[in-house]
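This report is meant to be read beside the sequence and the coordinates.

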Amino acid sequence: MIQAFGLTSDPRKELPPAVDDVSFEAHAGRVTALLGAPGAGKTTALRLMLELQHGRGLTYFRGRPLHRIAHPSREVGVLLGDVPGHPARTVRGHLRMLCAAAGVPVRRADEVLEVVGLVSLRDERLGTLSRGMDRRLGLACALLADPHTLVLDDPADGLSARESRWLHGVLRAHATQGGTVLLTTADPKEAARTADRVITLEQGRLVADQDAADFARTRLRPRVAVRTPHATRLAALITKDARTAQRSVEVVREGGNRLSVYGSTCADIGELAFRHDVLVHQLADEVGDMGPRVAARGEGGDAVGQVEAGQGAGEEGGHGPAERSPGAPSPLPSLPPPISVRSAPSPLRPLRYEIRRAAGVGTTFLTAAAVLVVSALTALVLARIGHTPQARLLAAWPRELPLPPAALGAGLLGALAFGDEFRHPALAVDRGTVPRRLGLLAAKLLVSGVTALSLALLTVGCDAEVLYLVYGREVAEVPADWLVSGLSWIGLVVGCAWAGVLAAGVFRSTSAGLAVVAAVPVLVVPLVHKVLEGPAVRSAAGFPLRLREVLLMQWPFGGERYLAAAARVIAQPVGGALMLSLTALLCAYLLTTLRGKVR
């Protein structure tokens with residue numbers, strides 16, 4: 001069950017808080033509706049419950065707050081607004097990425113796609129989905145890790161009546177199996193039709209907490225439903241009688257031979273029809289425009305309506321209900337099979353997520369291809385002009401540019417690692433599983449580092465091959481100091497990628513991450529160079545010899561040579577600037593992460 005105590009949002013400028021001291025419970029096995037007009041505070045209440053917004057109050061999910069649950073996605077399935085995924089990612093790829101984040105088998109993606117009727121659209125891009133298909137995908141994401149609790153913000157918004165019945169049938173099926181369902185809605189009729197309990201908010205405060213039957217009886221307009229072949233005549237008689245008795249009665253012609261009479265009773269209308277010899281086919285009390293209910297139950301468990309579910313999936317997904325006789329109750333929609341074996345926490349889980357995130361869209365491959373083409377063309381132009389050192393020629397790095405194309409491309413890919421996640425936050429409501437943890441940062445640094453290393457090697461290889469094909473072998477020769485040059489080149493490209501990752505994580509923007517990468521050679525390098533060229537009493541001359549003396553042994557395969565070469569790279573202005581920038585960005589990232597946890 002869900003227990004919310006004293007939910008209160010932070011006050012706004014000269015305005016009361018959007019949610020003020022709201023407390024309620026949502027029990028297992030029941031559907032609970034959070035009802036309120038737009039602006040009543042429903043979404044804010046959900047965000048406070050899920051710890052996505054700062055405020056006061058406490059929420060327990062089966063006795064534990066969300067930040068104390070090791071795997072929140074396995075306990076709470078969430079749908080807030082549209083599906084927050086990259087529009088270029090496929091439906092199946094998006095779910096498989098979330099499977100890696102939640103630590104569940106990848107086959108689970110196909111299971112939930114079949115349940116929500118999106119099997120035929122699994123290769124479609126998220127940006128091409130209609131509103132109804134987007135809501136189905138959101139429900140699939142919420143059901144993916146087989147959670148006990150579902151928290152959904154207006155899940156039927158924008159859906160047709162048929163799709164809404166199917167959706168509410170799925171939620172009813174989840175509650176029937178012992179789960180907890182909490183949804184928000186602005187429609188009182190929908191709340192009374194689909195929920196077991198209705199909690200009403202007005203201007204951020206709780207004003208009612210009722211069973212659905214009590215809510216319908218006290219807060220929806222009661223009326224009398226009349227069917228007669230003489231609807232026009234009977235409506236005129238009811239209006240005339242009310243005017244004579246000076247009573248407020250409203251008669252609404254529903255179409256055909258049906259009338260809805262507000263402010264009167266069955267007894268009064270029946271007696272009036274009898275006195276004037278008007279034939280009546282139906283005369284019944286109704287409460288609001290309830291319509292067909294989805295397995296709703298009143299006090300004592302007595303059914304108060306018939307099931308109208310399982311109809312939406314067959315409309316577009318090809319999974320409709322079986323044929324049944326007219327008037328028979330519809331079966332509840334099927335749910336994904338439970339996950340029998342929970343995988344243990346694995347240090348590779350964030351890595352699998354990050355690999356699928358990076359490889360799920362074509363941005364990575366397009367950027368790498370563009371870098372290779374631009375680098376090769378730049379190398380050809382530099383070789384034709386001449387006066388370019390061999391190391392810079394193979395790296396396609398003219399002196400006029402602060403960074404070579406490969407370093408800029410690696411910085412862009414690194415910035416996208418966090419920038420795209422903040423722009424399209426697939427894990428925004430799943431705080432405790434992967435996002436914003438140091439494990440995710442390590443995974444992003446590892447994947448971006450390997451990608452940058454591959455890009456650095458491919459760039460040099462392609463440049464050398466193109467130079468050899470166009471100008472001959474002498475232009476594509478490897479420099480004599482290839483070890484130091486190679487380490488400098490790899491360190492530059494990987495360092496730019498890591499700077500992009502950390503900067504985008506700190507500033508939550510891809511453009512800010514790329515700007516920081518470009519600022520390193522433009523601003524930081526001159527500063528470091530000026531410091532190193534200043535007056536000094538000591539110098540680092542003879543560092544490799546002293547390093548060998550300290551180690552007191554020869555490393556296998558001449559390892560001390562590589563260590564000394566790496567030290568010389570770091571001692572250079574560019575290397576020192578990158579190290580300084582990476583250290584500052586890492587400290588800033590850790591500071592913002594810890595500050596977010598403290599708050």
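**Confidence and overall make-up**

The mean pLDDT of the chain is 81, and 80% of its residues reach 70 or more. One stretch calls for caution: over residues 290-329 the pLDDT stays under 50, although the model has 85 contacts for this stretch beyond four places in sequence. Where pLDDT is low, the predicted coordinates should not be read in detail.

The secondary structure comes to 21 helices and 13 strands, and of the 599 residues in the chain 46% are buried. Among contacts between residues at least 6 apart in sequence, 72% join residues that are at least 24 apart. The chain exposes about 29,300 Å², of which carbon and sulfur atoms supply 59%.

**The six-stranded sheet**

Six strands form an open sheet with mixed pairing, in the order β5-β6-β7-β3-β8-β9. Its edges are formed by β5 (76-79) and β9 (205-211), each of which pairs on one side only, and the twist from one strand to the next averages 15 degrees. Within this sheet, strand β3 (residues 31-35) pairs with strand β7 (residues 180-185) in the parallel sense over five bridges, and Thr32 stands opposite Leu182 in β7.

Two helices can be described against this sheet. Helix α5 (residues 131-143) lies across β5 and β6 (149-152), and it runs at about 160 degrees to β5. Helix α8 (residues 212-219) lies across β3, β8 (197-202) and β9, and its direction makes about 115 degrees with that of β9.

**The three-stranded sheet**

A further open sheet has three strands in the order β2-β1-β4, with antiparallel pairing. Its edge strands are β2 (22-26) and β4 (55-61), each pairing on one side only, while neighbouring strands are turned by 15 degrees against each other on average, direction ignored. Strand β1 (residues 2-9) and β4 run antiparallel and are joined by six bridges, with Gln3 standing opposite Tyr60 in β4. Helix α1 (residues 42-49) packs on this sheet, where it touches β1, β2 and β4, and its direction makes about 115 degrees with that of β1.

| Helix | Strands concerned | Angle |
|---|---|---|
| α5 (131-143) | β5, β6 | about 160 degrees to β5 |
| α8 (212-219) | β3, β8, β9 | about 115 degrees to β9 |
| α1 (42-49) | β1, β2, β4 | about 115 degrees to β1 |

**Nonpolar cores**

The largest nonpolar core has 90 residues, of which Leu95, Leu137, Leu139, Phe418 and Leu492 touch the most other members. Helix α17 (residues 482-507) gives the largest share of this core, 12 residues. Apart from this core lies another, of 24 residues, among them Leu7, Met49, Val76 and Val151.

Val106 lies in the loop between α3 (91-102) and α4 (107-116). Its C-alpha atom is separated by 8.3 Å from that of Leu95, 11 residues apart along the chain. Leaving aside neighbours within four places in sequence, Val106 is in contact with Arg96, Cys99 and Arg356. Is Val106 buried or partly exposed? Val106 counts as partly exposed because its relative accessibility is 29%, which falls between the cut-offs of 20% and 50%.

Arg357 has its place in helix α12 (residues 349-359). Because its relative accessibility is 9%, Arg357 counts as buried, the limit for that class being under 20%. Its contacts, not counting residues up to four places away in sequence, are with Arg89, Met97, Leu416, Ala417, Glu421 and Lys444.

Thr592 belongs to helix α21 (residues 573-598), and with a relative accessible area of 29% Thr592 is partly exposed. Although Thr592 and Val506 are 86 residues apart in sequence, their C-alpha atoms are 7.2 Å apart in space.

How values were computed. Residues are numbered from 1 along each chain as its sequence is written. This is a predicted model: local features need pLDDT of at least 70, side-chain atom pairs count only at pLDDT 80 or more; totals for chains, interfaces and linings use all residues. Side-chain values use heavy atoms; hydrogens and water are left out. Helices (H or I, at least four residues) and strands (E, at least two) are DSSP runs, numbered from the N terminus. Buried means under 20% relative accessible area, exposed over 50%, partly exposed in between (1.4 Å probe, protein chains only). Contact means heavy atoms within 4.5 Å. Accessible areas come from the Shrake-Rupley method with a 1.4 Å probe; for residues, only the protein chains shown count as cover. A nonpolar core is a set of buried Ala, Val, Leu, Ile, Met, Phe, Trp, Tyr and Cys residues joined through side-chain atoms within 4.5 Å. Two strands pair if DSSP finds at least two bridges between them. Axes are lines fitted to C-alpha atoms, for helices over the stretch in contact, and angles run from 0 to 180 degrees between N-to-C directions. pLDDT is the predictor's confidence in each residue, from 0 to 100.
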